[in-house]
Amino acid sequence: MVTLILTVIGDDRPGLVQTLADVVVRGGGTWNQSSMSRLGSKFAGIVEVGVSDDVADTLAADLTSIGDDVLNVVVERSGAEPSAIGRAVTLELVGQDRPGIVHEISEALAGLGVGIDDLETTTSSAPMSGEQLFEARAVLAVPDSVERSMLAEALEAIAHELMVDLELADL
């Protein structure tokens, strides 16, 4: 069995997921997991597909030939599953939107050797003031060598500078 990772993007319109799913099923693939969203006027996502080794190249070629006018698909073969490091911790952050929030948080995490397994961000208008709020939810892969207090201290220092609220929780 081979794992293919697809990145997809196209002008948003009904039927894009069906088009992609049709090619996957016709090619003998299994749709394992995905994350897809409308971002602006585009539809974008990432999909993990399982397929037998003997038809993987044909499926990959069929997926990339869907056509850029419909959906641009890039296919990569996944390597071996990375070994799990440490423990999973969730991070939730909320504050007034401003440039650099993701950069500063990700820089602090990388400095500690903490990986980001999943990241979702959104912006919205604050209910009372109408100011733009930034919200982030992440699942972090924290090495055993990084104590929770070290992680909290590093992020709380940045949270103070960024004027955001953040919460950490073990999964």
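## Helix α2

In this predicted model, helix α2 runs over residues 53–64, and its 12 residues, at 1.5 Å a residue, should span 16 Å, which agrees with the 17 Å that separate its end C-alpha atoms. The buried residues of this helix are A56, L59, A60 and L63, and because they cover an arc of only 105° around the axis, they sit on the same side of α2.

The other side of α2 carries D54 and D57, which are exposed. The buried residues, for their part, pack against two strands at residues 2–11 and 72–77, namely β1 and β4, as well as against α1 (16–26) and β3.

## Helix α1

Helix α1 has its own set of buried residues, made up of L16, L20, V23 and V24. These residues are on the same side of α1, since the arc that they cover around the axis is only 100°. On the face turned away from that buried side, α1 carries the exposed residues Q18, V25 and R26.

The cover over the buried residues of α1 includes the strands β1, β2, β3 and β4 together with helix α2, and α1 is in turn among the elements against which the buried residues of α2 pack. Just after α1 comes G28, which takes a positive phi of about 85°.

## Helix α4 and the residue that follows

Which residues of α4 are buried? They are L151, A152, L155, I158, A159 and L162, and they lie on the same side of α4 because their arc around the axis is only 135°. Exposed residues on the other side of α4 are E153, H160 and E161, whereas the buried residues pack against β5, α3, β7 and β8.

After α4 comes M163, which lies in the loop between α4 (148–162) and β8 (164–170). Most residues other than glycine have a negative phi. M163, although it is not a glycine, has a positive phi of about 55°, and with a relative accessible area of 68% it is exposed.

## T90 in strand β5

T90 has its place in strand β5, which covers residues 87–96. Is T90 buried or exposed? Its relative accessibility is 19%, and because buried means under 20%, T90 counts as buried.

Leaving aside neighbours within four places in sequence, T90 is in contact with A138 and V139, and also with E167, L168, A169 and L171.

## The cavity

Rolling a probe the size of a water molecule over the atoms shows where empty space is left. A search of the whole structure finds one cavity of 30 Å³ or more, and the volume of the largest cavity is about 120 Å³. It is lined by 14 residues, of which L91, V102, I105, L119 and A136 are the closest to its centre.

Four elements, β5, α3 (101–111), β6 and β7 (132–142), each supply at least two residues of the lining of the largest cavity. By class, this lining has 12 nonpolar residues, with one polar and one charged residue besides.

## The second largest pocket and E120

The second largest pocket holds about 400 Å³ of space. Among its 13 lining residues, those closest to the centre are S35, S37, L119, E120 and T121, and L119 is also one of the residues closest to the centre of the largest cavity. At least two residues of the pocket lining come from each of β2 (30–39), β3 (42–51) and β6 (115–125), with β6 giving the largest share, six residues. By class, the lining has five nonpolar, five polar and three charged residues.

E120, which lies in strand β6, is partly exposed, with a relative accessible area of 44%. Not counting residues up to four places away in sequence, E120 touches E135, A136 and R137, and A136 is listed as well among the residues closest to the centre of the largest cavity. The C-alpha atoms of E120 and R77, which are 43 residues apart along the chain, are separated by 24 Å.

Notes. Residues numbered from 1 in each chain as written. Predicted model: local features only at pLDDT ≥ 70, side-chain atom pairs only at ≥ 80, totals over all residues. Heavy atoms only, no water. 1 Å grid on protein atoms, 1.4 Å probe; cavity = no way out; pocket = protein on both sides within 12 Å on 5 of 7 lines; lining within 4 Å. Points joined across faces, edges and corners; volume = space filled by probe spheres on them. Nonpolar A, V, L, I, M, F, W, Y, C, P; charged D, E, K, R; others polar. Expected span 1.5 Å × (residues − 1). Buried < 20%, exposed > 50% of the residue type's maximum accessible area, 1.4 Å probe, protein only. Arc of directions from axis to C-beta. Contact = heavy atoms within 4.5 Å.
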